[in-house]
Structures are given as C-alpha cells and as structure tokens.
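Here is a brief report on one protein chain. It covers charge pairing, a sheet and a core.

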Amino acid sequence: SVGAGCRVEGSYVMAGVRIGKDARLTAALVCEGAVVHAGATVGRGAVLSYNVVLGAGHCAPDYARLSLAMQPEAGGADDSDDELEVGSFNERARGVGGGRSA
C-alpha cells in the first residue's frame, strides 16, 4: 500500500511493501514485506531487503543496504582472510598461475 503524498521516483517496489504518508523513495529497491513509515526517506540506490522496517521520519542514505540477514562478527572464530584467496582457485582451474591441469 502507498500512503497519501508519497513520492516514488525511478524505484522498484516489490509486492507486499507498505509505504507511509509523505515518504520519499528515489531510485531505490524495496523488497517484499518492507515497511517505509510516514515521512521516511529512501535515498538514491538504497536497498531495503525483505521485511526491513524504516521508522517514521528516518532516512536510508544514498546507496545504503539495509537487511535483517545475520552478519559474521568481526574477530570471531570464522574471521580469516581465506575468503580473499577465492580468485586463486579460479586461476588454477583455468590453468593460470603455474598450476598443473589434469
């Protein structure tokens, strides 16, 4: 549903989204189940993921990414630089970088 006085410009709004009175969305992506309360602003290029709620009068700045997905804790047991070496696997698979190909 869309409230009175809203301005939605160049945005993609999925099914089940609720946009409150006088809210503003500019070139944003708002996923299913998200709620943008009255007077809130969603900036250019911002993404509101599934079921995110943006409070009345609040602002999601340009290019913000708001999600309810769990994020890994910094400094935890899973905190390592191993993920940074993903590219080397692809190079080996293509025979680049001196690895042997089968």
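A salt bridge is a side-chain nitrogen of Lys or Arg within 4 Å of a carboxyl oxygen of Asp or Glu. The model discussed here is predicted. A search of the whole structure finds one salt bridge. The side chains of Arg7 and Glu9 form this contact, at 3.3 Å from N to O.

| Residue | Relative accessibility | Class |
|---|---|---|
| Arg7 | 39% | partly exposed |
| Glu9 | 39% | partly exposed |
| Thr26 | 17% | buried |

Thr26 counts as buried because its 17% relative accessibility is under the 20% cut-off.

Next, the sheet. Three strands form an open sheet in the order E3-E6-E9, with parallel pairing. Strands E3 (18-19) and E9 (53-54) are at the edges; each has a single partner strand, so one side of each lacks a neighbour in the sheet. Strand E6 (residues 35-36) is joined to E9 by two bridges. Val36 lies opposite Leu54 of E9.

Val36 and Leu54 also belong to the largest nonpolar core, which has 16 residues. They are among the residues with the most contacts inside it, along with Val30, Val42 and Leu48. Val30 touches Tyr12, Val13, Met14, Val17, Leu25 and Leu48, again not counting residues up to four places away in sequence.

Terms used
Residues are numbered from 1 along each chain as its sequence is written. This is a predicted model: local features need pLDDT of at least 70, side-chain atom pairs count only at pLDDT 80 or more; totals for chains, interfaces and linings use all residues. Side-chain values use heavy atoms; hydrogens and water are left out. Two strands pair if DSSP finds at least two bridges between them. Helices (H or I, at least four residues) and strands (E, at least two) are DSSP runs, numbered from the N terminus. A nonpolar core is a set of buried Ala, Val, Leu, Ile, Met, Phe, Trp, Tyr and Cys residues joined through side-chain atoms within 4.5 Å. Buried means under 20% relative accessible area, exposed over 50%, partly exposed in between (1.4 Å probe, protein chains only). Contact means heavy atoms within 4.5 Å.
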